[in-house]
Amino acid sequence: MAEFHSAGAKKTIERDRETKRSFRASRRNGTLCDAAESEKVSGSELQFAAVVLWWHRVFGDIPMARRKRFFLDGQPLHVIQRGNNRQAVFFAADDYAQYIAWLAEAAREYGLAVYAYVLMTNHVHLLAAPAGPDSLSRTVQSLGRRYVRYVNGCYGRTGTLWEGRYRAAPVDSDAYFFDCCRYIERNPVRARMVARARDWRWSSYRAHASGDADALLSEHPLYRALGRTAAQRQEEYRLRFRAPDDEEFVSALRQGTNGGWPVGGDRFKREIAKALKCRVTPLPPGPKPQTPPDKRQLRFL
């Protein structure tokens, strides 16, 4: 009897391993349906594979499928890249300066126009428009590798510095360009690191409001339209910057960037969806699971 159970257990283990291999192959090639149609996985094994998918998605052993990045030529994106576990990525003034210099080089090389930015202690915000589908990713990858080597060498550390992938969302610049710039450049003030935006050296505010030279920045047409002369543009920008944050926009920007969804009005989202032929809003949440009858009864005991 012991030998029978041992043999049965071995068969079960081998079947489970084969199911997982077939399941993983089906994920690489397309969907679970591919595996079922190939008749390599039975109905029960397909159910098992679905449970495996749910389990690993919950506990993170198998990476979730990545949603395709939105890209339209010249469409500004709000970009965030955070330090791993929200730990610091800048430790001294030289670190900020080096990062900005290398970002400017990479942006020029790969065709990324940066309209606004801020470097915080443990994360970076950009408002930038890629010229090609790989402009942003190649800029971030090139800069990331270079900066990580620099930090590890300077501070005797090893391992990763950044938290996974950067987050990015298209922003309706016609309606929200200045709101987005203000949100980005006010980050140090909201974090109570400085009293005024101009007191933080590592942002685009001084260039926009005072005309400080900044090799990283590109001039957006909406900024250029603020006045005929540089002095007029800077004065108008300072006036616009005094306006309070639109909390509804700030909330939408944060949610959109974290989820990778376009930020703007319904018309803007329809235009993005039509141009890219894809869904541009998250699906509504599913129904809440009902409490099993036995648990409902226990509440009355």
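Axes here are lines fitted to C-alpha atoms, and angles run from 0 to 180 degrees between N-to-C directions. With that in hand, welcome to some close-up views of this predicted model.

**View 1. Helix H5 lies across four strands.** Helix H5, residues 135-155, lies across strand S1 (77-82) as well as S2, S3 and S4. Relative to S1, the helix runs at about 25°.

**View 2. Four strands form an open sheet.** Follow the strands in the order S2-S3-S1-S4, and you will find antiparallel pairing. Strands S2 (112-119) and S4 (167-170) stand at the edges with a single partner strand each, so one side of each is left without a neighbour in the sheet. From one strand to the next, the twist averages 20°.

**View 3. Strand S2 meets strand S3.** These two strands run antiparallel and are joined by seven bridges, with S3 covering residues 123-130.

**View 4. The largest nonpolar core has 61 residues.** Touching the most other members are Tyr99, Val114, Leu119, Tyr147 and Tyr237. Strand S2 gives the most to this core, with eight residues.

View 5. Beyond its neighbours within four places in sequence, Tyr237 is in contact with several residues, including Phe178, Cys181, Glu185, Tyr205 and Leu226.

**View 6. Gln234 sits in helix H10.** This helix spans residues 230-241. Gln234 counts as buried because its relative accessible area is 15%, and buried means under 20%. Leaving out residues up to four places away in sequence, Gln234 touches His208, Ala209, Ser210, Gly211 and Tyr223.

Technical notes:
Residues numbered from 1 in each chain as written. Predicted model: local features only at pLDDT ≥ 70, side-chain atom pairs only at ≥ 80, totals over all residues. Heavy atoms only, no water. Buried < 20%, exposed > 50% of the residue type's maximum accessible area, 1.4 Å probe, protein only. Contact = heavy atoms within 4.5 Å. Pairing = 2+ DSSP bridges. Core = buried A, V, L, I, M, F, W, Y, C linked by side-chain atoms within 4.5 Å.
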